[in-house]
Structure formats: structure tokens, C-alpha cells
Amino acid sequence: MDALGITADDVAAAIQRQNIQASLGQAGAPPAREGTELQYTLVARGRLMSTDEFGDIVVRTGEAGAIVRLRDIARIELGARNYSSSASFAGHETAMLQINQAPGANAIQTANAVLAELQRLSSGFPPGLQYQVVYDATRFVRTSLSLIARILGEAFLIVLVVTYLFLQDWRATLVSALAMPVSMLGAIAVLLAFGYSINSISLLALVLAIGLVADDAILVVENVKHVMEDDPTIETAAAARKAMGQITGPIISTTLVLLAVVTPTAFLSGISGQLYRQFAITLSAALVLSSFVGLTLSPALSAILLRRGQRGYRRGPLGWFARLLDATRVWYGRVVGFLVRLWIIPLAALAACFLGAYLLLGSLPATFLPDEDQGALFVDIQLPNAASLDRTRAIVGEVQKTLSATKGVENVISVAGFSIVQGTQSPNGAMVVAALDPWDQRNTPDLRLDAMLARLRAQFSTIAGANVAVFSPPAISGIGAVGGLDLRLQALQGQSPEEIAEVVRGFVAAINQAPEIGGVATTFSADVPQIYVDVDRTRAEALGVSVSDIYSTIGASFGSRYVNDFTLQGRVFQVNLQADAEHRGDAEDILNLHVRSRAGAMVPLRAVVSTSTVLAPFVISRYNLSVSAPINGQVAPGGSSGAAMDAIERVAAKALPAGYGYEWSGLSFQERRSSGQETIIFGLAFLFAYLFLVAQYESWTLPIAVIVSLGAALFGATAALTLFGLQNSLYAQIAIVLLIGLASKNAILIVEFAKERREEGRPIAEAARLGAEQRFRAVMMTALSFILGIVPLAVSTGAGAGARQAVGVTIFGGMLAATTIGLFIIPTLFAVIQRMAEWGSSTTESRNGTTDDELVPQSRRKL
């Protein structure tokens, strides 16, 4: 080209002249001369369609018919739009497609539609072209949903077994069995009405609702059975009416208390609010429908299905259980009577529960969401600055070999030239996605996510020439690129990249000294070698060369210059110019280029251009309008993200100079945004429950017995989390909020019946004992059915196990403690508070001149 005096501008102009969209019109088209009988459309070859046709383009003509065609000076080929990155799968070059669902779309339906379309399109693929779904994120969704659905069925069966075990009457068990699906289907209908889908969160809430919706039916049928056992001559319909007169109030009270606890969480904002909202709506719908069914369908079914004279089995295991239950109830009544007199012992135990819950909750490692095994691993690779794409591919090959040889890895796909952490294309960066085997094939400890991550990090640390980091996907897809810590260091005063790089290096080094940190790193660098092209503008003008022509020539050769478009197989593609690889390999090739002067002479660029090497960032990113440096890392083994973030903030307060700040991003941002909300949420839950009970009992003191008794449940929840080695996550906090309402049901039942016995004129101690003893079977039935129904959640593994275990373990431990400890504390609390309330009332009335006789209820005066 230099010898012929042809420049890149000449080539581009020739292509633009000859590869055009031809629109020639019509012959004989109106307005036409009178009598025109035919009308023809004029057509011609416009856009070129093959490499041969582009090779025929005439770039220049000379004397004696000399012609320079494009094929004489260029290599013409069909190629990729750009070559800044390349993907590889199973040792073959590939094109990686990432497909994301639209907002509001159903993930499984979208995935099914995509897979069906791929299957349809594959029938038209040319020979040698195949497709492979490497990582399907909906497999996690499908598996977790199927596991939760299985747990839902297990919980349903457990509730039925417990009901039959206690009542030993298949008719009574049938009453409970019929009530549960009605309430559950109604809750699902409410979810659909609110625009929610059936997802892992809503199904998890339905598992919890199984125990709740069974409670009201169990209370009804148990009390009907209790009335019929006390009066064998009573008709079933009359027994149902009498039983409902006794428990209608407690059913409504427990339901409204649970609603008072759960409903306020639906109004929280942010990601945490979204999670709370789905739990709140699902449980609230199930509770309301359960109460409606318990007050209408269950008593009607009891009147129809139950029979008189059925007192359970007298022999065999069921008979032994019945006698054991009766003996336990009598023993429980005696112990309660003893503890009511020695009230200091239960109160000391309750204080110990509150203290233990406070200490355990403070010692629990905190995180936003528990890590989930989503069936994939993400790997980010960073080579030294200015490393070429070929060097990056070599490192990627080593990483692929390591992953392919790792047990538990199913498929591996890589993209050289793209950094998943930076989210940008860079020749020295790469990403690898490793799809793991299905969860049921990775059920050994060495194939669990944390074990695989630890093993791969050790292996990748031995790869020379690159920093290789492996991450789990974020717990919620779309919030951040990877899991772990995500921080942005901000230069708030427009500092230079060199100064930012120095500060971020010192900051990262200081963070890595903290014991809570497993390791952090940054991809920001101001030391990337670059070639600075210095144009002598005065000399260029003297030689008749414009600066724009110089830059255009360099850009067309070393970059990629878009010319126009061409049509191939009915689709439009770009025509781009670029110098051949052998003519743009190093800086010297810049000086070998020529540019035409205004006088027509070919001027070598070395006459007006000089080059030098400078250091600068390859890419500059901004966060909240400020230049920022990304910092990503992991928590120390056995630590928590909350403690790690606190440690980073302490380091930032000491190590960051003036003019610099930081912001959390991704899941770390959501965790900090929700930090501190749990105190407000717990406080509101206690407050709303207390205020409702105040309105229910028309007393400021009696509800204290219910609220204070929850200390046992809180201790059990925190102890279970500590024992199982789980973290204080958002799911655990949701479970504790639910636990406040769940555990209060036992207390409400006992306090309600004790209050009725006191109003009948019984002494306070006897009223407390009778109320507890009378409701022992009902409380044990509901509590045991709920606790055992939660067990499958607490011990679950596989996809979504992090969320299920956090909720299941918290509620299991809390309800177990509320049943084993709380049942002995609640009657004592009622007795102590009732004495204080009556003493305070007596003192007040005495001061107002009321006689002692006026303070005694009419029922007590008769006694």
C-alpha cells in the first residue's frame, strides 16, 4: 500500500462507493406519460454478499488500464466482530451465550422455553455445530422446590401421625387432615392474588404454615374429645358447641397475636423487606384461613365424624402411650403446683434464659444470607498488567485442567479476555464457570461447596503467573457478580490514578492483616504499560499532514474501523478494516505507517510521530460518580461476613487518608443496609404482641406473663444456632420473628384457661395449676406436631439447604425450649403477675374507700 500510495482512507472510500444500498426506482411509474402500459422496477447489485465480490472492488485505476483491486492489497475474510475475548468449552472454541430472564418472568417457564427453542434451532445447525447447556441456574430452583415440596409432604404426614398418636381416633385425625389442605390451598390463592409466584421462599413459608394451620384444627378436635370424655352422655353436636365456647377466644387470640407479630415485617424496604414480605403474606393468609376453618369447618366435621365412647386403645403401644401421657399430665400438674409456690426458681430460670439468649446472640457470627450451594463455581483470573490474550488463554487452560480433574465438577466453560469481578473486557483477565454435579451426587463432606472451595483455592495458589480466585455465586442471583465481600474505594476529590493505586495497595495490605479476613484483593492498577503516541503538530502541518489523518490512519490499522454493512444469508453484518496481525505487533509498526499529505506525497509517520511507554490504568470505573477501585475478598474460615465488614470499616477509619471514602456493593451493600433492622423488628414484634394482648385481656399486667415467657424460646433458638454452627442470618432473624408468635400460642392457651379458673373463684395457685394441666395435652399435641414437622427442614441438605437450615434450626430450637422449659415457667408467671395485679388493685381500691368484699368476684363470694 505504501508503494502504491494507497492509504486506509482510500480503501474505505472505495468500499463505500461500491458496496452500497441501491435503490433505482421504477420505469413507467406515475406520474407517467399518457398511454404507458407497463411499469418496471429497476434493480441492480447493491450490497456485496461474498468475500470474492469484495475482492473485486477497484481501489485505484492507473495508466494503460492498470487496476488495483482490494484483493491485491488485503486479505478478506468472514470473521468475528471483535477478537478481544474468546470462549472455550471442552477444548473447543465456542460462542458463550448468557440468557437472563426478564423482570417478573417465571424462571422455570423461561428456561423451558429457551431449551425448547435451542432444540428446534439445532435441527438447522450446519455439520459440526452443536450446543451444550453448561450452567442452568434454574436447576437450583427446580431442585430446591422439589426438596421443599417433599419436606412439605413429610411435615403433613408427621402432623397426622402425632395427632393420631395423641387422640388415637382416626375420625379425629381425619378432621385435622381435612382442615390442612383447605388452608394451604387458600394461602396459595392469596399469594397468586398478590402477584407472587411459588418460589423457594413462599414454599418455605408454607412448610412452616403446615404446623400452624394444623394447630387450630387440633385444638378444636382435641377439646371436643376432652368434653366428650368428661361427659360420656353428651351428644357430639352439643360437645362441639360446648368445646367451641371454651376455645373460640384462644383461637382468635393466638391468630391475631401471630398476625400482629408478622404483619409489620411486610412493610420493610429493600431486599430484606422482600424476603420478610413473602413470609408475612404467606403465613398471614394461612393463619387467617386456618382460624376460619377452625371456627367453622372443624367443629362441623367433629360433630359429624366423632363418635361417643371412643377413648383410645387400652393395650399395646398406643395404650402404653395413652397411660404414659396421663401419668405425665398428672406429674406435670404436681410440678407446676410446686413451682408456683417456689416461684423464685422459675423466675431465676427465666432470667438465665434471657441472659443466655443475649450472650449467645452476641457471640453468633453474623451474615446477610447464608452461603448456598447453587451448583456452580465462578473463577476470576488476573494476569500481570499488559499481559496478552495469548498468555491469558494459557493460564485459562491450566485452570480448566484443574477443574476438569476435580471430583464433583460436571462442565467447565471459560472466557479469556473478560473479568467477572471488574465486569469489563481486559486482555489480562478471564472468567471460568464450573457447573457442579447434581446435589444428590455430592452428598459426601469432601464434595460440599465449602470443602471444594477450600481445596480449589489451595490448588489455584500454585499456578504461577496469575492470581486465580474462586467464588460461589451470590446467594441471590443478580445482586453482585460473585459472593463474598464487595467494597468500592472512592476517590472523592478527583485524585490521580497513581495516587489511588498507592492508597488502595496500602488499604488492601492493612485489611489483610485483620484476623477476620480470609483475603482481599483489588483489580485496580495504574501500572498498565501503554504506548503514548506523540504527534509533532507543527512539523505535521509543515508537511501538509493533518492530525486527524494521522489518528485515522493509526486507528484503522491498530484498531478497527467501521466502513459500512453487507448482507449475508438475509442478515446484515459490518464491514471493518484493520491491519494484518504481522503489521501491528509492536510499537515500531506505528512508525512504519504512511499518511498522504495535502500535496499528494506519502509521508512516513516516523517523520511526525514519536512513541514512548507510559503507565496508566487499563480501565477506570466510577461508583456513585466518583472514581473507584473495586476490592473483593473472602471471610476468614469459620468467620462471618458481619465481623469481616466491621473489621474493614475499622481499618478504613485508621488507614484511609483524607479525600477517600468507601461504599459497600452487591450483597455487602444489602447486608449493611439491613444491619440493625433486627433490633427494630424484634422490638416491634414484642410490642405489637403485647399491645394486642392488652386489648384482648383488658389488662396491662396479664399479657406480661405471655411476653416474658418467650425468653425460653429465644434461648432455645440461639442455642440451636450455636450448636449447629449456623450464623445469625436474615433467615434466622425471620425465624425468630415468627418464633415470637409461635411460642406465644402455648402461653396464651395456658394463661387463658388459668384466667378462666381464677374468674370462677379458684385460688391463684390452683387456677394456674388447673389451667396448665387442663391444656397439657392440647399444648403438647400442637407443639410436638410443629416441632417434628420442622425436623426435615433443620436436617435438610442439597440445593437451598442454607435457608432451610437457618429457618428450621432456629424454630426447632426455640419451640423445643418453649415446650420443655416454657411450660413450667408460664403458670408461675401467671400466678406471680396475677397476685401483683390483684394486690395493686386492692391497694388502689382501699385508698379509694372500697371494701375488701367489693374486690371479690361474685363467683368467689358464693364459694
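Colleague: Which residues does N564 touch, not counting residues up to four places away in sequence?

Modeller: Contact means that heavy atoms lie within 4.5 Å. By that rule, N564 touches I15, Q16, N19, F573, Q574 and V575, leaving out residues up to four places away in sequence. Please note that this is a predicted model, in which local features need pLDDT of at least 70 and side-chain atom pairs count only at pLDDT 80 or more, while totals for chains, interfaces and linings use all residues. Residues are numbered from 1 along each chain as its sequence is written, and side-chain values use heavy atoms, with hydrogens and water left out.

Colleague: In which strand does N564 lie, and what does its side chain reach at 3.0 Å?

Modeller: Helices (H or I, at least four residues) and strands (E, at least two) are DSSP runs, numbered from the N terminus. N564 belongs to strand β14, residues 561-568. For the side chain, one looks for a polar contact: a pair of N or O atoms within 3.5 Å, where, within protein, one must be able to donate a hydrogen and the other to accept it, and residues adjacent in sequence count only if both atoms are side-chain atoms. Here the side chain of N564 reaches the backbone oxygen of N19 at 3.0 Å.

Colleague: Does N564 count as buried or exposed?

Modeller: Buried means under 20% relative accessible area, exposed over 50%, and partly exposed in between, with a 1.4 Å probe and protein chains only. N564 has 12% relative accessibility, so it counts as buried.

Colleague: Which backbone oxygens does the side chain of T718 reach?

Modeller: T718 lies in helix α23, residues 711-724. Its side chain reaches the backbone oxygen of L714 at 3.0 Å and that of F715 at 3.1 Å. T718 is buried because its relative accessible area is 3%. Apart from neighbours within four places in sequence, T718 is in contact with G356, A357, L360, L361 and L364.

Colleague: How does one describe two packed helices?

Modeller: Two packed helices are described by the angle between their axes and the distance between the axes. Axes are lines fitted to C-alpha atoms, for helices over the stretch in contact, and angles run from 0 to 180 degrees between N-to-C directions. In this model, the axes of helix α8 (residues 236-262) and helix α24 (residues 730-759) come within 9 Å and cross at roughly 155 degrees. Therefore α8 is roughly antiparallel to α24; angles under 35 degrees count as roughly parallel, over 145 as roughly antiparallel, 65 to 115 as roughly perpendicular and the rest as oblique.

Colleague: What is the handedness of the crossing of α8 and α24?

Modeller: A crossing is left-handed if the near helix is turned anticlockwise from the far one by less than a right angle, and right-handed if clockwise. α8 passes α24 in a right-handed crossing. Residues making the contact include Q246, I247 and P250 of α8, and V737, L738 and I740 of α24. The residues of this contact of α8 with α24 divide into 13 nonpolar, 5 polar and 3 charged. In that division, Ala, Val, Leu, Ile, Met, Phe, Trp, Tyr, Cys and Pro count as nonpolar, Asp, Glu, Lys and Arg as charged, and the others, Gly among them, as polar.

Colleague: Which residues make the contact between α13 and α14?

Modeller: The axes of α13 (residues 389-404) and α14 (residues 449-460) come within 11 Å and cross at roughly 145 degrees, and the crossing is right-handed. V399, T402 and L403 of α13 meet L456, Q459 and F460 of α14. That contact of α13 with α14 comprises 4 nonpolar, 2 polar and no charged residues.

Colleague: Where is I811 placed, and with which residues is it in contact?

Modeller: I811 is placed in helix α27, residues 801-820. With a relative accessible area of 0%, I811 is buried. Leaving aside neighbours within four places in sequence, I811 is in contact with L208, A735, L738, L739, L742, F786 and I790.
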